[in-house]
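The following report examines selected features of one structure. Please view the sequence and the model before reading on.

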Amino acid sequence: MSDIHELKEICLSRNTQILEYLYDELSKDKKFLICPASIDKHHNYEGGLVRHTLEVMKICKSMVETSDKYRADRQMKILNLDTILISALLHDYGKTSTYSKVDGEWHKTYDYTKSLHIYKSIEKAKELLNGSNLSQDVVYCIGSHHGRLDYGALWEPKTPEAWVLHLADMSSAFFIGA
Ligand SMILES: [Fe+2]
Ligand SMILES: [Fe+2]
């Protein structure tokens, strides 16, 4: 099964309209389908952004499935998997604005910084989630997905949902896709 079809399967598995809608929007975006996740670091090949997004969503899902059982045993709050999956789906979507293909080669845009794609992802998430009460939590998770300010995060993760996204992002970027 192709990466984009697996991504679709995860989005549809939750039976929430918002994930179905987001999948529809992203899968229509040709740049999302071919964009690399980086130029010189992880998943630095055509289609790398979809592969990285898929890995992050799958890792998030299994972390939540594992932790919820034991969190419930200890009367801890169950994690909001929809918030996490939506944040994972959109966390690096802004990379479609920070990389472009010129003469057959992918390049960083002239104004590229470590944080630029995070601002762009938040911008796109706000547009897509316009009016949804999930929007604030998703923006929070996206803004902290790099974990540390010196790694480009806009703020550090403080909620369990933000931690899950950050840890899944690190696992995919440094353990699988490096
Ligand atoms: Fe990122
Ligand atoms: Fe990422």
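## Two loop residues with positive phi

Gln75 is found in the loop that links helix 4 and helix 5. In this predicted model, its phi is near 55°, a positive value in a residue other than glycine. Gln75 has 6 other C-beta atoms within 10 Å and is therefore exposed, the limit for that class being 12 or fewer.

Asn15 belongs to the loop between helix 1 (3–13) and helix 2 (17–28). Its phi, too, is positive and near 55°. Asn15 counts as exposed because it has 7 C-beta neighbours inside 10 Å. Most residues other than glycine have a negative phi.

## The crossing of helix 5 and helix 8

Two packed helices are described by the angle between their axes and the distance between the axes. The axes of helix 5 and helix 8 cross at roughly 55° and come within 9 Å; the two helices are therefore oblique to each other. The crossing is right-handed.

On helix 5, the contact is made by Thr83, Ile84, Ile86, Ser87 and Leu90, and on helix 8 by Asp137, Val138, Cys141 and Ile142. These residues comprise 6 nonpolar, 2 polar and 1 charged.

## Helix 9 and its cover

Helix 9 consists of 17 residues, 160–176. At 1.5 Å a residue it should span 24 Å, and its end C-alpha atoms are 23 Å apart, which agrees.

Several residues of helix 9 are buried, among them Glu161, Val164, Leu165, His166 and Asp169. The elements covering the buried residues include helix 4 (48–73), helix 5 (81–90) and helix 8 (135–143).

Definitions and conventions. Residues numbered from 1 in each chain as written. Chains lettered and ligands numbered in written order. Predicted model: local features only at pLDDT ≥ 70, side-chain atom pairs only at ≥ 80, totals over all residues. Helix = DSSP H or I, 4+ residues; strand = E, 2+ residues; numbered from the N terminus. Expected span 1.5 Å × (residues − 1). Buried ≥ 20, exposed ≤ 12 C-beta atoms within 10 Å, placed from the backbone. Contact = placed C-beta atoms within 7 Å. Axes fitted to C-alpha atoms, helices over the stretch in contact; angles between N-to-C directions. Parallel < 35°, antiparallel > 145°, perpendicular 65-115°, else oblique. Left-handed = near helix turned anticlockwise from the far one by under 90°. Nonpolar A, V, L, I, M, F, W, Y, C, P; charged D, E, K, R; others polar.
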